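Visitor: I would like to learn how to read a structure like this one. Please take me through it feature by feature.

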Amino acid sequence: MRRTRLTHAGVAALLMIGSWTAAGTLPAAAQDAPDSPTARATDSAPASAGLLEAMQWDFGLTRAEAEDRLAAEREATDLVPEARRTAGSAYGGAWFDAKSEKLTVAVTSDADASTVRSLRASGAAVRTVEHSAEQLDAARSRIDRLDAPSGVSSWAVDPTANTVVVNIVADKRADNDVRTFVDKAREAGPVTVRTVAAAAETFAAGTVGGDPYYTGNVRCSIGFSVHGGFVTAGHCGGAGGQVRGWDGSYIGNFQGSSFPGNDYAWVNVGSGWWTVPVVLGWGTVSDQLVRGSAEAPVGASICRSGSTTHWHCGNVLAKNETVNYSQGAVHQMTKTSVCAEPGDSGGSFISGDQAQGVTSGGWGNCSGGGETWFQPVNEILNRYGLTLHTA
């Protein structure tokens, strides 16, 4: 019964042993199946069929265009660390441009001609800006120390604008406490103010049917398998809290959790549950294998899997953003144009076959649109000394 249930609506990145005879191994039938995780581990395709179909639907691309974009994004992702080293103190940030399918690297006027030539020779476009990434990060850190009112949604360095962008809830921009915050933020460094439709909220939900995990009366989504468990959002449960699967059976406990300030946690796995390096596309058990966690640049495409709204895709909009939830601010988040709804919290953000992070919160929904933030997965792995389970 458990195996049949999982085939139709599995828990992201987890499978149950059930009647299977050996923990950590797939039955022979699954090993031989062309769509099984084991068989797909050696697949040379740029992404699974499910991910490509989602990108075609959400971005209006053909299959060939989706494959080309994923290939270009992988090149850009690999280029970012090299570009940062080449530019040195003149580095002003980088982002992926979907139209040109190239990485754009910002540098200050301090960059010499040889640096610019090296960046261009690597395949990147180069833009000269006023402020370095170090200067902008310092300004954002100063803003982090301010007390933010509820009318302030978030703030982050925007490399394309070469400023720190402060996002204000549209109907709160005239409030005195919001105006005071903006004035103090401008004193911290170069700031641009933008408006958003609504304040950020976390995406936990009360217990309802579906394919989630549960803790107390909260439903959330599993993020990524790690050796010994899985990572998810911190606001879904505190350390020691018991976690149950879709069928109500015991999975494990929160071994570590942090929220606010951060929004990450990890849960140990046992009692007949085991981990696989899979993010589900909600239609097959093995939709997308996880092969690593290389960080995608701003502008890259990204997809999310969650227990409420399943698969949706969008773009990376900002990094190192501070999100001002009602429970408190959370730092170093990544913002995307992907929608989400209550119950999607903790779910997987993936770019190609590279794990990116776990869903934290946002505003809007998947009917009218919105924006969503995730906690980067590499930070979670480093914090708890975990190893991502990869194919």
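Visitor: What share of the contacts in the protein chain with a separation of 6 or more comes from residues 24 or more positions apart?

Guide: This is a predicted model. In the protein chain, 62% of the contacts with a separation of 6 or more are between residues 24 or more positions apart.

Visitor: Is Y264 buried or exposed?

Guide: The cut-off for buried is under 20% relative accessible area. Y264 has 4%, so the residue counts as buried. Y264 sits in strand β16. Setting aside neighbours within four places in sequence, Y264 has contacts that include T232, A233, G234, G256, S257 and S258, as well as Q375, E379, I380, R383 and Y384.

Visitor: And for the protein chain as a whole, how many of the residues are buried?

Guide: Of the 391 residues, 55% are buried. The accessible surface comes to about 15,700 Å², and carbon and sulfur atoms hold 46% of that.

Visitor: What does the secondary structure of the protein chain come to?

Guide: The count is nine helices and 25 strands.

Visitor: Which residues of α7 are buried?

Guide: They are A133, L136, A139, R140, I143 and D144. Looking down the axis of α7, the buried residues fall within an arc of 150 degrees, so they line one face of the helix.

Visitor: Now the strand. How do side chains sit along a regular one?

Guide: In a regular strand, side chains alternate between the two faces of the sheet. Strand β21, residues 310-325, is mostly covered, with twelve of its 16 residues buried.

Visitor: Which strands pair with β21?

Guide: The pairings can be taken in turn.
Strand β20 (residues 301-306) pairs with β21 in the antiparallel sense over six bridges, and C303 stands opposite C313 in β21. A hairpin of three residues joins β20 to β21.
Strand β22 (residues 328-336) runs antiparallel to β21 and is joined to it by six bridges; here N324 stands opposite A329 in β22. The hairpin from β21 to β22 passes through two residues.
Strand β5 (residues 152-158) is also antiparallel to β21, over three bridges, and S154 has V323 in β21 as its bridge partner.

Visitor: Which residues touch the most other members of the largest nonpolar core?

Guide: That core has 25 residues, and M55, F224, V231, V290, W311 and L386 touch the most other members. The elements that give two or more residues to this core are α4 (49-59), α5 (63-87), β12 (224-226), β16 (264-268), β21, β24 (354-365) and α9 (377-384). A second, separate core has 17 residues, among them A76, V80, A83 and A124.

Visitor: What does V290 touch?

Guide: Not counting residues up to four places away in sequence, V290 touches F224, P277, V278, V279, I350, D353, A355, L388, H389, T390 and A391.

Notes. Residues numbered from 1 in each chain as written. Predicted model: local features only at pLDDT ≥ 70, side-chain atom pairs only at ≥ 80, totals over all residues. Heavy atoms only, no water. Buried < 20%, exposed > 50% of the residue type's maximum accessible area, 1.4 Å probe, protein only. Helix = DSSP H or I, 4+ residues; strand = E, 2+ residues; numbered from the N terminus. Arc of directions from axis to C-beta. Contact = heavy atoms within 4.5 Å. Areas by Shrake-Rupley, 256 points an atom, 1.4 Å probe, with all protein chains shown as cover. Pairing = 2+ DSSP bridges. Core = buried A, V, L, I, M, F, W, Y, C linked by side-chain atoms within 4.5 Å.
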